[in-house]
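Reader: Please take one part of this model and look at it closely. I would like its surroundings described, and then how the rest of the chain is built.

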Amino acid sequence: MADSMDPPGTPLLSGVISSSSSSSSETDESPVTSHRFVLQDVNFPHIPRKCLSGSQSYRSLAVLSGHIGTVSCLALCGEFILSASQGKDIIVWQQPDLRSFTKFGQGEGSVKALVTVGTKVFTAHQDSRIRVWKVTRRSENVFRLVDTLPTTKDYLGKFMKQSNYVQTRRHHKRLWIEHADSISCLAVNNGFIYSGSWDKTLKVWRISDLKCLESIKAHDDAINALVACKGTVYSASADGKIKAWGKEGKSSHSLKGILEGHKDVSINAVIVSEDGKWVYGGGSDGFLMGWEGSLDLISWKFVSEVKAHKMAVLCMCLTGEILCSGSADKNICIWKREAFGKLSKVGVISGHEGPVKCLQASPSNVGGGFLLYSGGFDKSLRVWWVPKYCTQRDNSSTTKDPEGNSIILC
């Protein structure tokens, strides 16, 4: 990407660009690696260098404002943090100073989901389209819109044939490559982008040529969340189920299993452990539920549930043995994964003035802990430092940070 046209002093989008659901096997252009920013043991203010048992607190590092609507999704992107809003805008924040670097965005509808692959950023929108942005340094705006899915080429190859149309509602048909309602979530795995929609379908897009390969009638209600790991894609739905989808060789994706949640309770979030063995879902009743997969991941067993929040769980993220859940009750709960899929609460973070809509944890070590990014209905992106090795549980004491936010001491 770097070329002779690059203006001097312009920050590079450096490091491997990836999302929490992406795979190392992606085949795309290699991003820039010069001047690579590595978030490793960064000296942020007020963060102790070592984790001292019994005295660590969750700390508020920053409250970032600038969005005109609810912060709906987040992604780590090299040296940047990307936050998207229901106000259609996407803000790029640069680390470690957390300053606003640039803004981009376009479309008839708010941004619902965001993932990054190689040098590209994929954004899903309320207008039922996926937009593809290329990271470039040929102009001031380093994020340039390069395509919209379905692509014009995909349309032209299918619109003349009646068999390519499906009934979406009474007296209305669409091409099967089109979503008929808001796209609520995206996931990346093994060279594919997966999109889930309120139209109850799961679509599979090939990253190399942006072609839609499959459309799966996946659920009986809206799909709220997707996550992918080791070739298996998990879709969480308002129908109260998480479904696992797999692909063998050149065949189409098929249903591998159904993870049943609470009856008549929407599952709003889903995450999976790095080894693919443990799956966790967050429900509209405030519960977190866990399932254990068999060695061949063809069956799952319900192993745990815990009343995590007073209101609906809206989002989750996982880093190692630490699980974070965000809720409509405005709180973020921090959990440690124990034996047999059980979860033990190690703290609660409050500070958002509205429901917490999205969470993203940094995989890098920072002063014996990690950075947690949260976006909410209060239009803010907040940055927290969370210790990784808390051992005490709910008997922890509570204090306030300088901004008056409640902090749990471990």
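Author: Serine 327 belongs to strand S25, which covers residues 322-327 (helices, H or I of at least four residues, and strands, E of at least two, are DSSP runs numbered from the N terminus). This is a predicted model, in which local features need pLDDT of at least 70 and side-chain atom pairs count only at pLDDT 80 or more, while totals for chains, interfaces and linings use all residues. Residues are numbered from 1 along each chain as its sequence is written, and side-chain values use heavy atoms, with hydrogens and water left out.

Serine 327 counts as buried because its relative accessibility is 0% (buried means under 20% relative accessible area, exposed over 50%, partly exposed in between, with a 1.4 Å probe and protein chains only). A polar atom of the serine 327 side chain lies 3.3 Å from the backbone oxygen of methionine 311. Leaving out residues up to four places away in sequence, serine 327 touches His309, Met311, Ala312, Val313, Leu314, Pro355 and Val356 (contact means heavy atoms within 4.5 Å).

On the scale of the chain, the protein has one helix and 32 strands. Of its 410 residues, 58% count as buried. Among contacts with a separation of 6 or more, 47% are between residues 24 or more positions apart.

Residues 176-215 are 0% helix and 60% strand, with end C-alpha atoms 7 Å apart. Residues 349-384 are 0% helix and 56% strand, and here the end C-alpha atoms lie 9 Å apart.

Two lysines have positive phi without being glycine. Lysine 200, with phi of about 80°, sits in the loop between strand S13 (192-197) and S14, and is partly exposed at a relative accessible area of 31%. Lysine 379, with phi near 70°, is in the loop between strand S29 (369-376) and strand S30 (381-387); its relative accessible area is 40%, which means partly exposed.

Cis peptide bonds also occur. One joins glutamine 95 and proline 96, with omega of about 5°, and proline 96 lies in the loop between strand S4 (90-94) and strand S5 (99-104). Another runs from leucine 149 to proline 150, with omega near 0°; proline 150 is in the loop between strand S9 (143-149) and helix H1 (152-156).

The second largest pocket has a volume of about 330 Å³. It is lined by 16 residues, of which Gln167, Thr168, Ala180, Asp199 and Thr201 are the closest to its centre. Strands S10 (165-169), S14 (201-206) and S15 (211-217) each give two or more residues to the lining, and S10 gives the largest share, four residues. By type, the lining has four nonpolar, five polar and seven charged residues (Ala, Val, Leu, Ile, Met, Phe, Trp, Tyr, Cys and Pro count as nonpolar, Asp, Glu, Lys and Arg as charged, and the others, Gly among them, as polar). A pocket here is an open set of points on a 1 Å grid over the protein atoms alone where a 1.4 Å probe fits, with protein on both sides within 12 Å along at least five of seven lines; lining residues have an atom within 4 Å of a point. The volume is the space filled by probe spheres set on the points.

Key:
Polar contact = N/O pair within 3.5 Å; in protein donor to acceptor, adjacent residues only side chain to side chain.
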